[in-house]
Amino acid sequence: MPANLDGQLVVAISSRALFDFEEENQLFEASDDNAYMRLQQQRLDQPAKPGTAFSLVHKLLAFNAAGQPPRVEVVVLSRNDPISGMRVFRSAQHYGLPIQRGVFTRGQSPWRYLRPLKAHLFLSANEEDVRSALAAGVAAARVFPQSARASVAYPSELRIAFDGDAVLFSDEAEQVYQRDGLDAFHVHERERKLTPLPAGPFKQVLHEFQRLQRVPDSPMRIRTALVTARSSPAHERAIRTLMDWQVEIDEAMFLGGLAKGEFLREFEPDFFFDDQAGHIESALGHVPSGHVAAGVTNR
């Protein structure tokens, strides 16, 4: 029987999201891919430093208990060339990351391989690839290599923070806010407080995290947070939507437009997902962050 990834959370990640290849990438942008490849080949035995999403991947893979069917699969999906891919695999091995699969496309967009992988989530430093993945119906976020690295305070707990509108939920309410203003937004949400919001691109990812959260006797736990610019009375529809989805969130922050960065600093997530560039800018200095280029604010 051929191998398959059924029943697993499948995360596809680019090499620059997983490891710090910024010095090498500067050479690529200033010269050509041949110079880049030569440098990577020279550094084959030099493990790359952990990148923005390293902590997220490390903790996700810890859900795979010895002697049990794997629950998480991480696949490197990269514009890198195959020679550079050798260094990616060697670096993963150096850090004890059991990553076995990779697709390396030497400059071509790799997003089309998300479909045969049945990927639930794609993380990349390339905005074009992220937008293509989202358009194809795959949850995706642009990773910023300059993001702060994850805290080491919770070695046995994966901590994830999500924005609401255009991330977990659709951008239905955000469209009202952008078109008609805050008062109209509150009226819209108050009148529809009993109507669940449509799903956003990360609903299925949240369900997958919930499934991992319920694994008995796991060496790793998950703690989730909803970090949103919503405030009362618009908070109620968001909570009721999660209740309708039968999803439990550990923390909810209804910030009413306050900058999210300092709140995220206190929560200390391994990763934060948001659709608005301003919120990402606020978060970058505090926590690993990814921009979800979905919804009306990103058109």
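Reply: Start with two terms. Contact means heavy atoms within 4.5 Å. Helices (H or I, at least four residues) and strands (E, at least two) are DSSP runs, numbered from the N terminus. This is a predicted model: local features need pLDDT of at least 70, side-chain atom pairs count only at pLDDT 80 or more, and totals for chains, interfaces and linings use all residues. Residues are numbered from 1 along each chain as its sequence is written, and side-chain values use heavy atoms, with hydrogens and water left out.

Me: Which residues of helix 8 are buried?

Reply: Buried means under 20% relative accessible area, exposed over 50%, partly exposed in between (1.4 Å probe, protein chains only). In helix 8 (residues 172–180), the buried ones are Ala173, Glu174 and Val176. They lie on the same side of helix 8, because they cover an arc of only 155° around the axis. The arc is taken from the directions from the helix axis to the C-beta atoms. Helix 9 (182–191) is included in what covers them.

Me: What comes just after helix 8?

Reply: Gly181, with a positive phi of about 100°.

Me: At what angle do helix 8 and helix 9 pack?

Reply: Axes are lines fitted to C-alpha atoms, for helices over the stretch in contact, and angles run from 0 to 180 degrees between N-to-C directions. Here the angle is about 150°, and the axes of helix 8 and helix 9 are 7 Å apart.

Me: Which residues meet there?

Reply: From helix 8 come Glu172, Ala173, Val176, Tyr177 and Asp180; helix 9 brings Leu182, Ala184, Phe185, His188 and Glu189.

Me: Which residues of helix 9 are buried?

Reply: Phe185, His186, His188 and Glu189. These share the same side of helix 9, because their arc around the axis is only 160°. Asp183 and Glu191, on the other side of helix 9, are exposed. The buried residues of helix 9 pack against helix 8 and helix 11 (235–244).

Me: Where is Asp165?

Reply: In the loop between strand 8 (157–162) and helix 8. Asp165 counts as buried, because its relative accessibility is 7%. Leaving out residues up to four places away in sequence, Asp165 touches Ser170, Ala173, Glu174, Arg230 and Asp275.

Me: What joins the side chains of Asp165 and Arg230?

Reply: A polar contact of 2.8 Å. The term means a pair of N or O atoms within 3.5 Å; within protein, one must be able to donate a hydrogen and the other to accept it, and residues adjacent in sequence count only if both atoms are side-chain atoms.
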